[in-house]
Amino acid sequence: MNIELYLLKSFFNYAFFSQHRDSLDVAFLKQNNPDLYRVFLTVALFHETFPGQNCSAADLEVFHQSQFPATSKRGTEELTLLYRKLDEIKADPGVATDYFVEH
């Protein structure tokens with residue numbers, strides 16, 4: 001598992017997202033990992049649409065498809081694999097908070 005996936009999974013928690021969304025270097029993420037960037041945008045849009053709710057990988061996958069129906073078949077397949085990986089991660093927002101504080 002890489003740290004980017006772990007941190008991204010932490011943003012599924014609404015309280016963590018609200019507190020740390022500005023700590024993430026979104027421009028770096030967009031440039032270096034466009035798939036993670038798209039997932040982060042989906043997380044942000046989910047939390048804007050459903051304030052106070054935590055989300056799961058399955059929630060985000062369905063939400064992404066409803067918000068971005070023009071995503072190519074290949075893009076959808078790649079994101080599905082990424083959502084599957086994220087689903088397997090057990091993130092602890094406390095550990096992710098410590099990471100952002102240190103970095």
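Helices α1 and α7 cross in a left-handed way (the near helix is turned anticlockwise from the far one by less than a right angle). This is a predicted model, where local features need pLDDT of at least 70, side-chain atom pairs count only at pLDDT 80 or more, and totals for chains, interfaces and linings use all residues. Numbering runs from 1 along each chain as its sequence is written, and side-chain values use heavy atoms, with hydrogens and water left out.

The α1 and α7 axes come within 9 Å and cross at roughly 115° (lines fitted to C-alpha atoms over the stretch in contact, angles from 0 to 180 degrees between N-to-C directions). Helices here are DSSP runs of H or I, at least four residues, numbered from the N terminus. Contact means heavy atoms within 4.5 Å.

| Helix | Residues in the α1–α7 contact |
|---|---|
| α1 | Ile3, Tyr6, Leu7, Ser10 |
| α7 | Pro93, Val95, Ala96, Tyr99, Phe100 |

By class, that makes eight nonpolar, one polar and no charged (Ala, Val, Leu, Ile, Met, Phe, Trp, Tyr, Cys and Pro are nonpolar; Asp, Glu, Lys and Arg charged; the others, Gly among them, polar).

Now for α5 (residues 57–67): its buried residues are Ala57, Leu60, Glu61, Phe63 and His64 (under 20% relative accessible area, 1.4 Å probe, protein chains only). Their cover includes α4 (34–49) and α6 (73–88). An α-helix has 3.6 residues a turn, so residues three or four places apart point the same way.

Notes
Buried means under 20% relative accessible area, exposed over 50%, partly exposed in between (1.4 Å probe, protein chains only). Helices (H or I, at least four residues) and strands (E, at least two) are DSSP runs, numbered from the N terminus.
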